[in-house]
Amino acid sequence: MTRTVYVNGAYLPEDQATVSIFDRGFLMADAVYEVTSVLGGKLIDFAGHCARLARSLGELDMASPCSEGELLAIHRELVARNDVTDGMIYLQVTRGNPGDRDFAFPDASVKPTLVMFTQSKPGLADSPMAKTGMKVISIDDIRWGRRDIKTVQLLYPSMGKMMAKKAGADDAWLVEDGFVTEGTSNNAYIVKGGRIITRNLGHEILHGITRAAVLRFAREAQMEVEERAFTVDEAKAADEAFISSASAFVMPVVEIDGTAVGTGAPGPVAARLREIYLDEMRKAAI
Ligand code: PDD
């Protein structure tokens, strides 16, 4: 089946969808994005992703391409047209095509570009990695200073994934001034003595939509949560480690730089949070 994608108001077969070579997303990485997961044909935490998209656009003085209601309708139309049961919807908004290359932002007459497409991943919530856990390496965090804005500047995260692959690991945790910021495409957590520890919000990390839900569910389940920075050594000495993202949900981390975390197997806190997250989010999916 040819995938149907969305570009600026049109639903098109993927091989007919195009964006200008002058688009600022292409020339300047002047674009923001969201990834929303789909489980059982329904959207997970759509409101959260919309709220963060609005914030990213606002921080960059970028116009919104359409209303939240229209975005929801496009998401649903793409799920239906592509018959997606489990998977993700990728959404990207750029500052549009000013018709030439210029560092200055174009005036308001240039409309933002909106591109959306589906990625079908049958069994997304049943990933075998949830049972085995993942291995991470630590690398320097040399990204820009506004990681709270979800921009498409993903070159260094891509390089980080390749460094991990080369080292026989699954992902990299980024380290700045001695402290872990986050994973290449996820938020990072450790568990020590029953306390869940994760980096506090700020410009240093993306404000994960999954993170917000996971911490809310953890607190509701009377688990202790501490939002603060932690070091790689502290993570290696932790009882458990895990990550969260819209596409991985909650995923255990069992090894950091070759050192086993805790027993070296996925821990009970990560397993419990994954279960609660998936149960609650499936119930609230729209
Ligand atoms: N990545 N931190 C970074 C750097 C991310 O790229 C992501 C998400 C997260 C987790 O955010 P959320 O829970 O809202 O997905 C944290 C997405 C999944 C991606 O780029 O594919």
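Colleague: What should I know about the model before we start?

Modeller: This is a predicted model, where local features need pLDDT of at least 70, side-chain atom pairs count only at pLDDT 80 or more, and totals for chains, interfaces and linings use all residues. Residues are numbered from 1 along each chain as its sequence is written, and side-chain values use heavy atoms, with hydrogens and water left out.

Colleague: Great. How much space lies in the largest pocket?

Modeller: About 1000 Å³. A pocket here is an open set of points on a 1 Å grid over the protein atoms alone, with protein on both sides within 12 Å along at least five of seven lines; lining residues have an atom within 4 Å of a point. The volume is the space filled by probe spheres set on the points.

Colleague: Which residues are the closest to its centre?

Modeller: Tyr-33, Thr-184, Ser-185, Asn-186 and Ser-245, out of 45 lining residues.

Colleague: And which element gives the most to that lining?

Modeller: Helix α5 does, with 5 residues. Strands β13 and β14 are among the elements that supply at least two each. Helices (H or I, at least four residues) and strands (E, at least two) are DSSP runs.

Colleague: How does the pocket lining split by class?

Modeller: There are 20 nonpolar, 15 polar and 10 charged residues. Ala, Val, Leu, Ile, Met, Phe, Trp, Tyr, Cys and Pro count as nonpolar, Asp, Glu, Lys and Arg as charged, and the others, Gly among them, as polar.

Colleague: What about the second largest cavity, how much space is in that?

Modeller: About 30 Å³. Among its lining residues are Asp-239, Glu-240 and Val-254, and β14 gives the most, with 3 residues.

Colleague: Switching to the surface: which residues make the nonpolar patch?

Modeller: Ile-21, Phe-22, Phe-26 and Leu-27 make a patch of about 400 Å².

Colleague: Is Phe-26 buried or exposed?

Modeller: Phe-26 is exposed, with a relative accessible area of 61%; exposed means over 50% (1.4 Å probe, protein chains only). Phe-26 is found in helix α1.

Key. 1 Å grid on protein atoms, 1.4 Å probe; cavity = no way out; pocket = protein on both sides within 12 Å on 5 of 7 lines; lining within 4 Å. Patch = residues over 30% accessible without salt bridge, like charges linked within 9 Å, V, L, I, M, F, W, Y side chains within 5 Å. Areas by Shrake-Rupley, 256 points an atom, 1.4 Å probe, with all protein chains shown as cover. Salt bridge = Lys/Arg side-chain N within 4 Å of Asp/Glu carboxyl O. Buried < 20%, exposed > 50% of the residue type's maximum accessible area, 1.4 Å probe, protein only.
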